[in-house]
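Please have the sequence and the model open while reading.

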Amino acid sequence: MQPLLLAASALGWRGIVVPDVAVLGHQVSAVVRVRADVHEWRSANGWPPQADPSWFRSWFEPAAYDQLPVPAVELVGVLVGESTVDRALQSCGTLMTLAPCSVVLPAPQGPQSWPLIELDYYGIGVVGVDASGVAELMVPPEDRSTEFGPSLFGRWLLEVLYDRVLKEVPAHARVNS
């Protein structure tokens, strides 16, 4: 968890780190902010997190629901831990349609550097974390989610993250929140 917290801090992402989220065949971590006013309203009005995908699909059946809850979390960004740059593009490729995506890599050793131009081209951020716990922002991520617009999957993911925040995330996972 510590490298993820360091990476989120280096990126300036403030919020709660939700580790080990299965998304589109990848294990990622997400940084989210809870919208306190929405959470309070949803709690008071009987709208708990709905992480079950079959229930969520029913939201789009007009006969079943005439009102839908507002998302109670905001997805600040996605962190993907990788050991090499080669897998970073594959890991962040689809996720960058939802929020800024950054790969967390071991910091380069000595004069060598990672070939980062392709990641930079696609807007994927890179944070290098060394063994001593120092995180360095090597390439800032871009938020390209507006190019793709909202999606059913993205909305469902917000419910999953909301559920995880309420049930599992310890206070030490918060980054400058």
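Helices (H or I, at least four residues) and strands (E, at least two) are DSSP runs, numbered from the N terminus. The model is predicted, so local features need pLDDT of at least 70 and side-chain atom pairs count only at pLDDT 80 or more, while totals for chains, interfaces and linings use all residues. Residues are numbered from 1 along each chain as its sequence is written, and side-chain values use heavy atoms, with hydrogens and water left out.

**The chain**

The protein chain contains seven helices and seven strands. Read from the N terminus, their order is α-β-β-α-α-β-α-β-α-β-β-α-α-β. Of the 177 residues in the protein chain, 45% are buried; buried means under 20% relative accessible area, exposed over 50%, and partly exposed in between (1.4 Å probe, protein chains only). The protein chain exposes about 9,300 Å², and carbon and sulfur atoms supply 53% of that area. Accessible areas come from the Shrake-Rupley method with a 1.4 Å probe; for residues, only the protein chains shown count as cover.

Two strands pair if DSSP finds at least two bridges between them.

| Strands | Sense | Bridges |
|---|---|---|
| Strand 2 (residues 26-34) and strand 3 | antiparallel | six |
| Strand 3 and strand 4 (residues 101-106) | parallel | four |
| Strand 4 and strand 5 (residues 125-129) | parallel | five |

Individual bridge partners can be located in the model. Ala30 has Val78 of strand 3 as its bridge partner. Gly81 is opposite Val104 in strand 4, and Val103 is opposite Val126 in strand 5.

Seven of the nine residues of strand 3 are buried. In strand 4, five of the six residues are buried, so this strand is largely enclosed by the rest of the structure. Ser102 belongs to strand 4 and counts as buried because its relative accessibility is 0%. Not counting residues up to four places away in sequence, Ser102 touches Leu11, Trp13, Val78, Leu79, Val80, Cys92, Gly125, Val126 and Pro141; contact means heavy atoms within 4.5 Å. The C-alpha atoms of Ser102 and Leu89 are separated by 9.8 Å, with the two residues 13 apart along the chain.

**The largest pocket**

On a 1 Å grid over the protein atoms alone, a pocket is an open set of points where a 1.4 Å probe fits, with protein on both sides within 12 Å along at least five of seven lines; lining residues have an atom within 4 Å of a point. The largest pocket holds about 320 Å³ of space, a volume being the space filled by probe spheres set on the points.

Its lining has 15 residues, and Leu98, Pro150, Gly154, Arg155 and Leu158 lie nearest the centre of the pocket. Strand 3 (73-81), helix 6 (145-148) and helix 7 (152-167) each supply at least two residues of this lining. Which element gives the most to the lining of the largest pocket? Helix 7 does, with four residues. By type, the lining residues are seven nonpolar, six polar and two charged. Here Asp, Glu, Lys and Arg count as charged, Ala, Val, Leu, Ile, Met, Phe, Trp, Tyr, Cys and Pro as nonpolar, and the others, Gly among them, as polar.
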